[in-house]
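This report concerns a single predicted protein model.

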Amino acid sequence: MPTPTQTSKCSAPARLALAALAALSIAGPTHAAPTLGSGFFTTSDGVRLHYLYSGRGPTLVFVPGWTMPAQIWLPQIRHFATAYQVVALDPRAQGESAVAASGYECERRAQDIKELLDALRLDTVVLVGWSLGVLESLTYVRLYGTERLHALVLIDNSVGEEPPPRSDPTFLE
């Protein structure tokens, strides 16, 4: 290991180069963060749903909890979009998605997730559900299986509770 006097014998250009490398490693990558996009698709029952997307690579699909918009996932989108394609759904009546007269049961909302995957031609995804999104993700698995899922991430909801929690489809009445 060099002594302090040996390192001070480095040439000025070498010290400058080392300082620049150190600054770059602290600052992180110099490439720009992936752009955040916004899109819409129409479900089989005619409801226009919104989603956010960013990045490239294996796909993560985020489904928020009740009344939460896709934007609730912005910190995760920004973090994961550097290595993954990230999609965050605005479920019906949430965020920029249309308010539908019906379709608020977990079965229909799970079908919305499937139709999002179909519309974006996504073969295999990591499905991430939070709160009510957990129940919708579990219903997706029950109805459509795990063939298109690389993994399932369930955040902040009871799983295995008997009887299982139910959404109230009459809340708009």
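β3 and β4 pair in the parallel sense over four bridges, where two strands pair if DSSP finds at least two bridges between them. Helices (H or I, at least four residues) and strands (E, at least two) are DSSP runs, numbered from the N terminus. Within this pairing, F62 stands opposite A88 in β4. Together with helix α3 (residues 74-80), β3 and β4 make a right-handed β-α-β unit; a crossover is right-handed if, with the strands pointing away from the viewer, the path from the first strand over the helix to the second runs clockwise.

The model is predicted: local features need pLDDT of at least 70 and side-chain atom pairs count only at pLDDT 80 or more, whereas totals for chains, interfaces and linings use all residues. Residues are numbered from 1 along each chain as its sequence is written, and side-chain values use heavy atoms, with hydrogens and water left out.

**Strands**

β3 is also joined to β5 by five bridges, and these two strands run parallel. In β5, V125 is the bridge partner of T59. Five of the five residues of β3 are buried, buried meaning under 20% relative accessible area, exposed over 50%, and partly exposed in between (1.4 Å probe, protein chains only). T59, V61 and V63 point one way from β3, L60 and F62 point the other way, and all are buried. In a regular strand the side chains alternate between the two faces of the sheet.

β4 has a further pairing with β2: five bridges join them, and they run antiparallel. H50 stands opposite D90 in β4. β2 is mostly covered, with five of its seven residues buried. β2 also pairs with β1 in the antiparallel sense, over six bridges, and Y53 in β2 is the bridge partner of G37. β1 and β2 form a hairpin with five residues between them, and G46 in the turn has a positive phi of about 85°.

**Helix α4 and its surroundings**

α4 has 14 residues and reaches 20 Å from its first C-alpha to its last, close to the 20 Å expected at 1.5 Å a residue. The expected span of a helix is 1.5 Å times one less than its number of residues. The buried residues of α4 are C106, R108, R109, A110, D112, I113, E115, L116 and L117. They pack against β1, β2, β3 (59-63), β4, β5 (125-130) and α5. Just after α4, R121 takes a positive phi of about 55°.

Helix α5 (residues 132-144) contains E136, which counts as buried at 1% relative accessibility. Leaving aside its neighbours within four places in sequence, E136 is in contact (heavy atoms within 4.5 Å) with V63, C106, R109, A110 and I113.

**Salt bridges**

How many salt bridges does a search of the whole structure find? The search finds nine, a salt bridge being a side-chain nitrogen of Lys or Arg within 4 Å of a carboxyl oxygen of Asp or Glu. Side chains of opposite charge can pair when their charged atoms come close. Among the salt bridges are those tabulated here.

| Salt bridge | N to O distance |
|---|---|
| R92 and D45 | 3.1 Å |
| R108 and D45 | 3.7 Å |
| R108 and E115 | 3.1 Å |

The side chains of R92 and D45 meet in a salt bridge. R92 lies in the loop between β4 (85-90) and α4 (106-119) and D45 in the loop between β1 (37-42) and β2 (48-54), so the pair ties together parts that are 47 residues apart in sequence. R92 is buried, at 0% relative accessibility, whereas D45 counts as partly exposed at 35%.

The side chain of D45 also meets that of R108 in a salt bridge. This pair links distant parts of the chain, with R108 in helix α4 and D45 in the loop between β1 and β2, 63 residues apart. R108 is buried, with a relative accessible area of 12%. D45, R92, R108, D112 and E115 are linked in a network of salt bridges.
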